[in-house]
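This report describes some features of the structure shown below.

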Amino acid sequence: MPCAAILFFTMGFASGWVGTALEEIEKQFHLPSTISATLATASDLGNSCSVAFISYIGSKFNKAKGLSLGMFLFGVGLTLNSLPHYLLEPYTAPSHAVNRTHEPPTTCPTNSSSSANNSAVQASEGQGGMGYFSMLLAGQVLSGIGSTTFYTLGIAYIDNNAPVAKSAIFIGVINTVTTVGAAMSALVGGRMILYMYVDFDRVDTDSLPFGPGDQRWIGAWWFGFIVCGVITMVVCLVISGYPKRFPNSPKRKELESEKKDEDPQNLFQFLKKTITDFLKALFKLIFDLEFVFISIGSSIEGVAIAGMSMFIFKFASHEFDMDYETAGYIIGVKAIVASSGYLLAGYLIKRLKLDLLGMERVTTGLYLIVLVFGLSMFAACPDVRMIGLDLPYPGDSDVSGFLASCQGQCQCQGQDFSPVCSSDGLVYFSPCHAGCLDSSMDGDVMTFTNCSCIAAGLNTSVTDALATATAGKCSTDCWQVYLVMPCLFVMYIAIYLCATLTALSTLRCVDPDIQPFALGIKMIFVRVIGTIPAPLVVGVVVDSACELWSGAEGAQFCQLYDKQALAVGIAVMWLSVGLIACIFMFLASLVNLWKKKRRAERKSAEMNDAGSPDEKHNGDAKSGVQESPPE
């Protein structure tokens with residue numbers, strides 16, 4: 001159990017790390033969300049392509065050995081994800097954005113060629129980075145293949161060797177540990193991304209002309225991958241020594257009695273029997289409506305969970321203006337609190353003695369709770385007002401872009417996005433676009449003065465104390481975060497409850513000899529219907545809310561989002577999949593009732609056909625009297 005806990009904790013941390021590091025990967029490789037989302041899709045694709053074969057073959061042999069092999073592949077895939085960092089040259093950031101040094105930056109360049117050339121170089125680097133991004137995709141595919149064994153052979157191995165009454169609790173503990181791992185990736189990862197520079201192992205970070213919070217800062221996105229990869233490969237050596245079945249397993253005799261059939265004598269017979277049994281088991285599951293409905297119901301909810309897990313840091317930071325450290329604390333605490341749902345599910349099943357129908361009904365009710373609380377996702381924070389994007393420049397009647405006459409001699413074309421907040425609460429694209437000539441540093445706060453565009457908007461002189469701006473976007477009062485986050489906590493608790501309930505429902509609605517295979521087929525449903533399209537769906541929703549793109553065509557990433565559009569898009573997606581999941585779990589409970597009715601009718605018919613011994617004797621006697629010839 002300790003090794004299993006370490007394994008699932010590491011897997012949870014690695015899966016959570018992808019979402020934590022996502023925006024940093026987008027920055028370094030210049031990617032939109034629809035492209036970066038393929039990282040999660042690649043992992044699920046590798047999982048889906050291998051899960052049926054691995055889960056079926058693995059169920060016939062030593063599950064511990066199969067699990068350790070999968071762990072090794074998982075670790076190799078994660079290590080491969082960090083390889084681009086070592087192949088790339090140290091990241092070169094633009095030199096004209098806001099910095100943290102006491103040397104004033106050039107806020108008003110008079111020659112636009114250097115800025116334009118710098119932007120062109122970055123765009124070129126972003127496009128060339130697609131080759132390295134392909135390595136990340138390959139690593140995710142390999143780790144996805146390896147993770148196939150975790151929730152098929154791993155859970156089946158626990159279920160086969162644990163007492164029946166404690167099986168649900170053990171599975172709940174495993175799910176909880178996985179969630180805690182994902183939570184730690186948020187808690188620890190948020191700080192790592194904020195304070196560990198991408199090239200901290202190759203450059204002196206103290207000498208950088210910028211720091212955390214600057215638009216040019218890229219966190220060490222690769223570090224979590226290599227740490228998890230090494231840990232996983234070490235633990236797999238221990239698990240590889242586990243026996244096929246523990247001596248004190250309560251199901252040992254039952255499992256051994258199922259293997260009394262004589263094994264095939266040669267390879268051809270073995271392959272023939274394996275393929276035949278595989279197809280029989282596959283068709284048996286596919287035509288079991290209860291299994292199909294449970295699989296679809298639990299899979300469709302994965303669209304919201306997997307999609308939000310991938311983009312939760314981006315959503316929190318852009319919708320609620322949180323820094324990565326604060327977002328990490330909230331997301332991590334949310335995951336830890338919500339993981340209590342896993343343990344609560346095991347307790348409820350044991351305490352209430354829920355049968356399969358009871359678990360399906362409870363799951364349906366929990367999905368209804370998720371729908372109700374999901375309405376809170378419509379609450380959006382107020383958008384920042386940006387000059388040139390939402391409002392016209394002083395003296396202009398219409399919004400016509402970020403260049404204006406009030407900028408004077410400043411050549412701002414080609415400047416990177418480095419927002420500043422003016423004294424009147426408006427946001428400018430950069431200090432140059434605000435017409436600022438000078439800057440000063442007060443602690444960690446950079447202030448820009450002599451800003452001609454701000455002075456024009458306030459109808460004052462350039463030297464006026466009001467004609468100033470500070471680095472960063474203007475802060476907005478957002479009470480909505482106090483509504484959304486608590487509701488998100490409740491929704492995740494309910495969903496984690498459902499995760500354990502649906503896993504056990506899957507095990508209980510099929511024959512014991514194909515339980516690992518059923519979990520594998522269900523995982524295909526989860527991947528194909530849920531987690532593979534989920535990041536792409538959410539990525540499209542996120543990109544559709546983008547107001548400001550950075551970089552050249554083909555190497556772009558979003559810098560600013562429409563908060564209202566982002567909230568509505570996420571809410572509609574969440575409610576849609578929640579409703580579908582609720583419907584399919586309700587249909588599964590109806591099929592269960594139909595099965596019970598059919599079994600009762602069949603049993604009653606068999607009893608009527610057989611009849612009691614006295615009735616059968618009387619019937620025979622009566623028949624004999626009628627058929628006897630007259631005297």
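A disulfide is a pair of cysteine sulfur atoms within 2.5 Å. The model is predicted, so local features need pLDDT of at least 70 and side-chain atom pairs count only at pLDDT 80 or more, while totals for chains, interfaces and linings use all residues. Residues are numbered from 1 along each chain as its sequence is written, and side-chain values use heavy atoms, with hydrogens and water left out.

**Disulfides**

The structure holds six disulfides. Three of them are listed here, including the angle about the S-S bond.

| Pair | S to S | Angle about S-S | Hand |
|---|---|---|---|
| Cys 381 and Cys 478 | 1.6 Å | -60° | left-handed |
| Cys 406 and Cys 453 | 2.0 Å | 90° | right-handed |
| Cys 546 and Cys 558 | 2.0 Å | 105° | right-handed |

Helices (H or I, at least four residues) and strands (E, at least two) are DSSP runs, numbered from the N terminus. A residue is called buried under 20% relative accessible area, exposed over 50%, and partly exposed in between (1.4 Å probe, protein chains only).

A disulfide joins Cys 381 to Cys 478. Cys 381 sits in the loop between α17 (356-374) and β1 (420-422), and Cys 478 in the loop between β5 (469-471) and α19 (481-508), so the bond ties together parts that are 97 residues apart in sequence. Cys 381 is buried at 2% relative accessibility, and Cys 478 is buried at 13%.

Cys 406 and Cys 453 form another disulfide. This pair links the loop between α17 and β1, where Cys 406 lies, to helix α18 (residues 452-458), which holds Cys 453, 47 residues apart. Cys 406 counts as buried at 14%, as does Cys 453 at 0%.

The disulfide of Cys 546 and Cys 558 connects two strands: Cys 546 is in β6 (residues 546-550) and Cys 558 in β7 (residues 557-561), so parts 12 residues apart in sequence are tied together. Cys 546 is buried at 13% and Cys 558 at 3%.

Cys 582 is buried, with 7% relative accessibility.

**Surface patch**

Leu 271, Ile 275, Leu 279, Phe 283, Ile 286 and Phe 287 make a nonpolar surface patch of about 610 Å². Patches consist of residues with over 30% relative accessible area and no salt bridge, where like charges are joined within 9 Å and nonpolar side chains (Val, Leu, Ile, Met, Phe, Trp, Tyr) within 5 Å. A salt bridge is a side-chain nitrogen of Lys or Arg within 4 Å of a carboxyl oxygen of Asp or Glu. Accessible areas come from the Shrake-Rupley method with a 1.4 Å probe; for residues, only the protein chains shown count as cover. Leu 271 lies in helix α13 (residues 267-286) and is partly exposed, at 44% relative accessible area.
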